Amino acid sequence: MALTLYVDTARWRAHHKHVQEQFPGLVPVCKGNGYGFGHERLSEEATRLGSDLLAVGTTYEAARIKDYFGGDLLVLTPYRRGEEPVPLPDRVVRSVSSIDGVYGLVGARVVIEVMSSMKRHGISEQDLPQLHQAIENVRLEGFAIHLPLDRTDGSDAVEEVIGWMDRLRAARLPLHTMFVSHLKADELVRLQQQFPQTRFRARIGTRLWLGDHEATQYRGAVLDVTRVTKGDRFGYRQQKAASDGFLVVVAGGTSHGVGLEAPKALHGVMPRAKGVARAGLATVNRNLSPFVWDGKQRWFAEPPHMQVSILFVPSDAAEPKVGDELVAHLRHTTTQFDRIVDC
């Protein structure tokens with residue numbers, strides 16, 4: 001009995017090909033938990049796509065993925081002097097976001113990140129005059145710019161990239177390759193038309209692996225079902241059942257990522273009101289689970305355990321049976337499945 005990730009493999013891969021056609025030369029991203037699929041699986045899929053370069057989050061990920069992927073690996077976290085050395089092959093390319101970082105990677109293959117409106121990391125325009133000497137002792141694979149997802153000020157992503165292209169060109173720096181993130185397909189076409197001598201390579205993770213929501217589904221198997229009546233005590237904390245119904249033990253707990261939720265940016269009155277309502281219910285131990293049964297998302301009976309969750313299903317709903325599977329609305333990037341099934 002397990003928390004299972006079901007994949008409509010043909011549909012999932014058809015989506016990969018569609019994204020690849022929209023973004024020629026794309027660089028698949030495999031970082032964190034492999035977007036819920038794991039490093040080994042995404043390395044295989046990147047190979048299937050014919051990718052020559054796979055982007056990973058850290059040097060530690062690169063050390064693991066190098067055994068699964070035979071092409072080049074691009075580490076997205078910028079190099080910093082004093083970081084723990086991790087043995088890596090020459091096919092690993094390091095990102096750098098400072099002049100000092102470039103000097104610290106003599107002989108290495110590097111991609112230099114420029115500071116975007118994200119304001120996360122990157123070299124500044126003031127750094128450009130110093131780059132000429134710094135890049136003499138590295139193998140420059142190109143420049144990169146990581147753009148924000150939302151542009152609430154109405155600014156144009158393409159214009160931001162063009163601004164940096166113009167600065168780099170004015171500084172007489174090589175512009176053979178520019179790695180970009182969070183651009184639309186038509187925006188990439190605009191850039192390629194304006195700078196035909198530069199190869200633009202889109203680094204894509206979420207849109208590539210998770211862009212077709214109907215291609216994947218998590219389901220948790222029912223392990224036990226216990227009928228309770230109003231007032232019965234149950235669970236670790238011996239709470240009382242609020243009404244008649246069923247306690248349903250389902251595969252999927254905190255070790256799988258069930259109950260974990262990343263903070264969200266809320267826009268608009270209604271989403272904020274729902275957020276306040278959820279917080280209010282949580283203060284009286286009412287937390288909605290990600291599991292769906294009989295057409296409704298069901299409540300946790302108590303906080304999820306390490307490997308299972310206990311749900312309360314009221315008596316007016318169909319009684320679950322051991323072996324049934326409940327669809328679970330889980331975030332791929334925070335979920336660890338027990339098994340994956342291609343179907």
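R11 and D212 pair up through their side chains in a salt bridge, 2.7 Å from N to O; the term covers a side-chain nitrogen of Lys or Arg within 4 Å of a carboxyl oxygen of Asp or Glu. The link spans distant parts of the chain, with R11 in helix α1 and D212 in the loop between α8 and β10 (216-228), 201 residues apart. Helices (H or I, at least four residues) and strands (E, at least two) are DSSP runs, numbered from the N terminus. In total, the structure has 21 salt bridges.

This is a predicted model, in which local features need pLDDT of at least 70 and side-chain atom pairs count only at pLDDT 80 or more, while totals for chains, interfaces and linings use all residues. Residues are numbered from 1 along each chain as its sequence is written, and side-chain values use heavy atoms, with hydrogens and water left out.

Aromatic pairs come next. The whole structure has three of them, counted when rings of Phe, Tyr and Trp (its six-membered ring) have centres within 6.5 Å, with planes under 30 degrees apart called stacked, over 60 edge-to-face and the rest tilted. W12 and W209 have ring centres 6.2 Å apart and planes at 45°, so this pair is tilted. Since W12 sits in helix α1 (residues 9-22) and W209 in helix α8 (residues 206-210), the pair ties together parts 197 residues apart in sequence.

As for the domains, an automatic or database assignment gives domain 1 (8-210) and domain 2 (216-342). Their C-alpha centres lie 38 Å apart. Nine residues of domain 1 are in contact with 10 residues of domain 2, contact meaning heavy atoms within 4.5 Å. About 780 Å² is buried between the two domains, 53% of it from carbon and sulfur atoms; buried area is the accessible area (1.4 Å probe) that two parts lose on being put together, summed over both. One salt bridge is counted between domain 1 and domain 2. R41 and D342 also form a salt bridge, with their closest N and O atoms 2.8 Å apart.
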